[in-house]
Amino acid sequence: MVFDYVDGAAEGEWSMARAVEAFDRVEFSPRVLRDVADAPTSVEILGRRIEMPVVLGPTGFTRMMHREGERAVARAAADSGVPYTLSTMGTTTARDVAAAAPGGWNWFQLYVVRDRARSLEMLSLAAGAGMDVLVVTVDVPVAGARLRDVRHGLTIPPSLRWRSALQALRHPAWWFDFLTSEPLRFATVDGAPGDLAGITNMMFDPSVTVADLEWIRSAWQGKLLVKGVQRVDDAKELAAVGVDGIVVSNHGGRQLDRSPTPLELLPSVVDAVGDRTEVFLDGGVRSGADVAAAVALGARACFVGRAYLYGLMAGGEPGVRRVLDLMRAELVRTLQLLGVGGVGGLSRDAVRIRM
Ligand code: FNR
């Protein structure tokens with residue numbers, strides 16, 4: 001049930017499959033006889049240097065995947081020198097994340113909820129915990145239809161019903177761990193237990209528009225990113241209002257199915273607004289070679305979702321760290337085999353996407 005919540009996507013799961021498959025179609029074009037003895041991976045994003053062009057994106061209910069949840073992920077990110085984004089649907093408070101990973105670059109992701117005062121309160125809690133980058137996710141006016149969750153009868157928090165009872169019998173260690181850890185609650189909002197789509201539709205405000213970025217902007221001193229951009233004209237509109245970054249994303253295929261494939265859309269967004277705002281890619285990234293491809297196509301960095309959650313589910317904090325170590329090693333190797341002496345040397349001519 002929990003694995004499928006992570007691994008699954010909306011409706012026919014076409015968007016998710018295509019996002020991953022687009023990376024399979026990448027063809028690298030390597031240079032030979034270049035000095036690749038050194039292949040530094042660090043880059044500067046939003047005015048700060050990070051160890052590699054990877055951002056751990058926001059994911060909800062992370063303590064459902066492992067009892068250490070957000071704390072484990074934030075610590076692994078801090079150790080690897082990449083940012084971590086705490087979700088509005090997180091199950092650890094901003095203050096606790098900051099305390100767990102004080103040396104990390106911790107960001108906050110906002111869903112605008114119907115109660116604006118509550119949204120403002122979330123911003124001030126995040127800022128109070130030292131978070132200085134806000135990621136406003138805009139692709140969830142209403143909940144997507146995640147059919148695997150519906151089939152399992154997934155509730156938040158998970159509850160024992162006839163379907164989940166069978167699963168509990170087959171995964172006793174998980175239930176034991178879940179039942180003996182701190183009760184799973186939202187850190188930022190009061191959501192009654194129930195199915196996720198119901199909670200989402202009750203809490204989230206579907207009437208949000210670009211104009212709302214104004215009050216968000218005035219309540220937030222730090223950098224502002226908008227996540228979930230899927231068209232060039234929307235990217236232009238956002239660049240015109242002066243956001244610091246745009247995340248080309250379809251929410252890992254968990255919202256509108258058959259939406260544009262992020263890797264394919266990326267170059268046209270970079271061409272349209274890349275000189276005015278930082279463009280990030282989100283969706284389908286599973287390896288360091290994927291990161292190299294996205295950066296070559298113009299992304300400042302890649303957001304990663306499921307890849308680190310698989311590591312978290314398999315092995316807690318060391319599992320997330322292992323995922324990041326693997327990504328970094330793959331990135332270095334890809335840069336060297338590509339004949340590129342570092343991430344800064346990646347350019348569009350290094351990559352072609354086969355049709
Ligand atoms: C997400 N995602 C997400 N995004 C967001 O802005 N707020 C959130 O609370 C969540 N929650 C969430 C839970 C889970 C289990 C997953 C898998 C994803 C979307 C996430 O940030 C990101 O857009 C996708 O995961 C990117 O696709 P990949 O990397 O998983 O292919």
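Tutor: A residue is called buried if 20 or more other C-beta atoms lie within 10 Å of its own, exposed if 12 or fewer do, and partly exposed in between, with C-beta atoms placed from the backbone. Helices (H or I, at least four residues) and strands (E, at least two) are DSSP runs numbered from the N terminus. This is a predicted model, in which local features need pLDDT of at least 70 and side-chain atom pairs count only at pLDDT 80 or more, while totals for chains, interfaces and linings use all residues. Residues are numbered from 1 along each chain as its sequence is written.

Student: Which residues of helix H12 are buried?

Tutor: In H12, residues 232–240, these are Ala-235, Leu-238 and Ala-239. Seen down the axis, they fall within an arc of 100 degrees (taken over the directions from the helix axis to the C-beta atoms), so they line one face of the helix. The face turned away from that buried side carries the exposed residues Asp-233 and Ala-240, and just after H12, Gly-242 takes a positive phi of about 85 degrees.

Student: What do the buried residues of H12 pack against?

Tutor: Contact requires C-beta atoms, placed from the backbone, within 7 Å of each other. By that criterion, the buried residues of H12 pack against strand S8 (223–229), strand S9 (245–248) and helix H13 (262–273). Ile-246, not counting residues up to four places away in sequence, touches Val-226, Val-229, Ala-235, Leu-238, Val-269, Val-273, Thr-277 and Val-279.

Notes: Two residues are in contact if their C-beta atoms, placed from the backbone, lie within 7 Å.
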